[in-house]
Amino acid sequence: MIEIFTDGACSGNPGPGGWGAILRKGDAERELFGGETITTNNRMEMTAVIEALRALKGPVAARVHTDSQYVQKGISEWIHGWKRRGWKTASKETVKNEDMWRELDRLAAQHRIEWIWVKGHAGHPENERADQLARRGVEQVRTGT
């Protein structure tokens, strides 16, 4: 079982954003982070999960921990209706971030994933670390380093 902890951050919404992920298998851990100059918080939350799944080598069983109900509910509940309706919401609007939902859906289909929501900024150690990584991504974008 791979444990994945993700978070996204944005300074302004839209604005410079960052994402962070921790992948853990047993005692081995890997940290990932990055950022974009102009983005939204939701896109950074999704990017964290997408990049974590891209880093996996072959199909695995994983638990993805996110403080984003948008990501957790979107991938485990809402996406089924969106796909049935041709990527439209129940109110017939185009699904926001459709490009990212399609990619997340494609990547998630390669694995057995349990989607777990955790309360953000509530002292969850790995969520706090993922948040720090996401903020490093924002800073990296701001400073160009």
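Started at glutamate 3: its side chain makes a polar contact with the side chain of histidine 65, at 2.6 Å. For the record, I take a polar contact as a pair of N or O atoms within 3.5 Å; within protein, one must be able to donate a hydrogen and the other to accept it, and residues adjacent in sequence count only if both atoms are side-chain atoms.

Before going on, a note on what I'm looking at. This is a predicted model, where local features need pLDDT of at least 70 and side-chain atom pairs count only at pLDDT 80 or more, while totals for chains, interfaces and linings use all residues. Residues are numbered from 1 along each chain as its sequence is written, and side-chain values use heavy atoms, with hydrogens and water left out.

**Entry 1, more on glutamate 3**

I looked up what else glutamate 3 meets. Its side chain also has a polar contact of 2.3 Å with the side chain of arginine 63. Leaving aside residues up to four places away in sequence, I find glutamate 3 touching Ile22, Leu23, Arg24, Arg63 and His65 (contact means heavy atoms within 4.5 Å). Glutamate 3 sits in strand β1; helices (H or I, at least four residues) and strands (E, at least two) are DSSP runs, numbered from the N terminus. Is glutamate 3 buried or exposed? It is buried, at 13% relative accessible area. My cut-offs are under 20% for buried, over 50% for exposed and partly exposed in between, with a 1.4 Å probe and protein chains only.

**Entry 2, the sheet**

Next I traced the strands. Five of them form an open, mixed sheet in the order β3-β2-β1-β4-β5. The edges are β3 (28-39) and β5 (112-117), each pairing on one side only; strands pair if DSSP finds at least two bridges between them. From one strand to the next the twist averages 20 degrees. I checked β4 (residues 61-66) against β5: they run parallel and are joined by six bridges. Alanine 61 stands opposite arginine 112 in β5.

Then the helices over the sheet. α1 lies across β1 (2-10), β2 (15-25), β3, β4 and β5, at about 150 degrees to β1. Helix α2 (residues 69-84) lies across β4 and β5, at about 140 degrees to β5. Axes here are lines fitted to C-alpha atoms, for helices over the stretch in contact, and angles run from 0 to 180 degrees between N-to-C directions.

How many salt bridges does a search of the whole structure find? I get 14, counting a side-chain nitrogen of Lys or Arg within 4 Å of a carboxyl oxygen of Asp or Glu.

I looked at glutamate 103, which bridges to arginine 54 at 3.1 Å, N to O. This pair links distant parts of the chain, 49 residues apart: glutamate 103 is in helix α3 (residues 98-108) and arginine 54 in helix α1 (residues 41-54). Glutamate 103 is buried at 18%, whereas arginine 54 is partly exposed at 45%.

Glutamate 103 also bridges to arginine 106, at 2.9 Å, N to O. Those two are three residues apart in helix α3, so about one helical turn separates them.

Last pair: aspartate 131 and arginine 135, with closest N and O atoms 3.1 Å apart. Both lie in helix α4 (residues 125-143), four residues and about one turn apart. Aspartate 131 is buried at 8%, and arginine 135 is partly exposed at 47%. Elsewhere I noted one network, in which salt bridges that share partners join Arg24, Glu29, Glu31, Glu126 and Arg129.
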